[in-house]
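Here is a short briefing on a single protein chain. Please look over the sequence and the structure before reading on.

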Amino acid sequence: MSERALPAYIGLGSNLDSPRAHVTRALDELDSLPLTRLACHSSLYASSPVGPQDQPDFVNAVARLETRLSPLALLDQLQALEQRHRRIRKRRWGPRTLDLDLLCYATLRWQTPRLTLPHPAMRERGFVLVPLAEIAPELLLDGDTAASLAVPHQGRDLRRLVP
């Protein structure tokens, strides 16, 4: 565990049982994780599902945390939070009450069977890049800023939700 807090970006998504409420509540709960505080979060966005289309649209957001937890300890906390929201993993990319993805942890590049950082699919996902660019436009992802990576996704199957 680091002695000083490091930035970590978390992708949030939900498409079951009042998805907006799940994401909003999860943002509050992220601020209550041990050795962690919520620094900021994006607006909420609605997006079509990735994968099977026989499910409702998602509500998505991205949060920036300042944490002294290690990446795996943070992942454990995120998965415990998913379980408190009654997350059930029935099929890949299927519907869920809450999905929390650890997108980036400081500038760490890391790959284990359990966790890859930065998140390997985030560069292709508008529902991650657009909210990420809203709160961290200058964040570098393999030499590109979040803002530049988000440009092709602006307005494509993604809409900002009114507060």
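**Salt bridges, fold and cysteines**

Arginine 114 is partly exposed, with a relative accessible area of 41%; exposed stands for over 50%, buried for under 20%, and partly exposed for what lies in between (1.4 Å probe, protein chains only). The model is predicted, so local features need pLDDT of at least 70 and side-chain atom pairs count only at pLDDT 80 or more, while totals for chains, interfaces and linings use all residues. Residues are numbered from 1 along each chain as its sequence is written, and side-chain values use heavy atoms, with hydrogens and water left out.

**Salt bridges**

- The whole structure has 8 salt bridges, each a side-chain nitrogen of Lys or Arg within 4 Å of a carboxyl oxygen of Asp or Glu.
- One of them joins aspartate 76 and arginine 114, at 2.5 Å from N to O.
- This pair links distant parts of the chain, 38 residues apart: aspartate 76 lies in helix H2 (residues 71-84), and arginine 114 in the loop between strand S6 (110-111) and strand S7 (116-117).
- Aspartate 76 is partly exposed, at 41% relative accessible area.
- Arginine 109 and aspartate 142 also meet in a salt bridge, at 2.8 Å from N to O, and both residues are exposed.
- Arginine 25 bridges to glutamate 29, with the closest N and O atoms 3.3 Å apart.
- These two residues are 4 positions apart in helix H1 (residues 19-30), so about one helical turn separates them.

**Fold**

- The protein chain has 4 helices and 10 strands, which are DSSP runs numbered from the N terminus (helices H or I, at least four residues; strands E, at least two).
- The radius of gyration is 15 Å, close to the 15 Å that the globule rule gives for 163 residues, so the chain is as compact as a globular protein of that length; the radius is taken over C-alpha atoms, and the rule is 2.2 Å times the number of residues to the power 0.38.
- Of the 163 residues, 48% count as buried.

**Strand S5 and the cysteines**

- In strand S5 (residues 99-105), 6 of the 7 residues are buried, so the strand is largely enclosed by the rest of the structure.
- Strand S1 (residues 6-14) pairs with S5 in the antiparallel sense over 6 bridges; pairing requires at least two DSSP bridges.
- Cysteine 104 is buried, at 5% relative accessible area, whereas cysteine 40 is partly exposed, at 25%.
- The search finds 0 disulfides, a disulfide being a pair of cysteine sulfur atoms within 2.5 Å.
- The sulfur of cysteine 40 is 13 Å from its closest cysteine sulfur, in cysteine 104, which is too far for a bond.
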